[in-house]
Amino acid sequence: MPSVPFKKILIANRGEIAVRVISACKELGIQTVAVYSEADRYSSHVRFADQAICIGPAKSARSYLDIASIISAAEITNVDAIHPGYGFLSENAGFAEVCETSGIKFIGPRPDVIRLMGVKERARAFMREMGVPVLPGSPGVLTSAEEGLELAEKIGYPVILKASAGGGGRGMRVVNNPDELPSNFIQAQNEAGSAFSSADVYLEKYIGAPRHIEFQILADEHGNVEILGERECSVQRRHQKLLEESPSPAVTDKQRAEISVALRKAITHAGYTNAGTVEFLMDEKGNLYFIEVNARVQVEHPVTEFVTGIDIVKSQIRIAQGETLKEILPGPVELRGHSIECRINAENPVTFVPSPGRITGFHVPGGIGVRVDTWAYTDCVIPPFYDSLVAKLITYGSDRTEAIRRMQRALGMFIVEGIHTSIPLQQKILADPDFQAGNFDTNFIKRFTGPK
Ligand code: MV4
């Protein structure tokens, strides 16, 4: 199967990731088609693409989530492939399937693999079989409260009930003792049934103060897999990550090597292709346990790009063209230095209330080891309909201390006027002695914002 270069790609997304994918296409000499909602007519992804098509009104369900509109745009413009970015349709197996049957390459894993990873207790069982450590829990879907009580007795409380079709923190319930289990089981099933396609629930040992650690994967369509180290994303609030870094200050070289060996086997056997992220929780003792797979490029991919020197988005496109990792990567994967990303959100830094509106003044920092991924510009309007991510500020340093110092100086040179942003909160996080010492978990942000 010789690889066939794409001539034209449609980007089924908006905001900074649409601009990021367009950048990769330009560097590969590939034409680009942007799609946009009526609220995004003046967005920079529309300006930077070679062609742009309006796909509907502001509401995502009628534009960025409208499969028929996007496929029509792809057919009208005669693209070879669609890059879904993150969010929206990026992990929608049905969309990937429609792309395939329309003769358009979906830049991501195969539909059946996306589907497997989307059923969380199946992904968990699969990883366990492959020798990837998982938390003690139910072997599959929990069939009754009695089964839950028996398992929890063996595992020890607290345990957590999770929606099989959930993920990213949606559809979870912590159970502290046997009395709470039956009612929580019913409620978890009901919630899962109304929020997702399935009422299935599974059970796991609950970790109260975990660190969130995720491994970046690249896999070609010829059976080759590379693990690009890990990122730590423990600084988050209500499942919204605020700051990410690579490598994790908590993962040892031995752990990284062991997890990488197990993941290489698992990803190969799953037939997983393209880019992906495997999420783990780290318990208080420093043990890592698999929780779920994200079958897409992630917001925080740039920190991995800085420490590996690998362009993940270009790699995604070249993998989808049929190229091998040997052709794509410059040599063996090596991790060097340290990188941090701060998400600059349009929101009140104290209350986290979204702060849409016009940016009246915008100046981005630069200089050595600084990268800004954004779609914003002076006088642009942040619409209220989508996520509040305005820009990502990413720094690189030869070690964590240098990456932090560089981030502090770059945040001080980032000017956003007319809206509130998370910049002041990021500055507080970076100045915190525990953050600087690498001593934090997913509860860390509470000290800046009060409980919840
Ligand atoms: C957990 C957990 C504790 N124990 N699973 C939230 C996101 C989703 N991917 C999984 N999540 C969690 N799963 C067990 N067995 C705690 C969380 C969790 C969390 C995880 C990562 C980062 C932030 C978090 C915040 C609250 C809860």
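This is a predicted model: local features need pLDDT of at least 70, side-chain atom pairs count only at pLDDT 80 or more; totals for chains, interfaces and linings use all residues.
For glutamate 292, an N or O atom of the side chain lies 3.2 Å from a ligand nitrogen atom. Taken alone, the ligand exposes 520 Å², and the protein buries 90% of that (Shrake-Rupley method, 1.4 Å probe).

Next, the shell. I found 18 residues around the ligand, with Lys162, Glu204, Lys205, Ile207 and Glu279 coming nearest (near: a heavy atom within 4 Å). Strands E6 (159-167), E8 (201-205), E12 (274-282) and E13 (288-294) each supply at least two shell residues (strands are DSSP E runs of at least two residues).

Then I turned to the sheet. Five strands form an open, parallel sheet in the order E3-E2-E1-E4-E5 (pairing needs at least two DSSP bridges). Strand E3 (51-56) and strand E5 (105-106) stand at the edges with a single partner strand each, so one side of each is left without a neighbour in the sheet. Two bridges join strand E4 (residues 81-83) to E5. Isoleucine 82 stands opposite phenylalanine 106 in E5.

Notes on the model: residues are numbered from 1 along each chain as its sequence is written, and side-chain values use heavy atoms, without hydrogens and water. Local features need pLDDT of at least 70, side-chain atom pairs count only at pLDDT 80 or more, and totals for chains, interfaces and linings use all residues.

Notes: Helices (H or I, at least four residues) and strands (E, at least two) are DSSP runs, numbered from the N terminus. A polar contact is a pair of N or O atoms within 3.5 Å; within protein, one must be able to donate a hydrogen and the other to accept it, and residues adjacent in sequence count only if both atoms are side-chain atoms.
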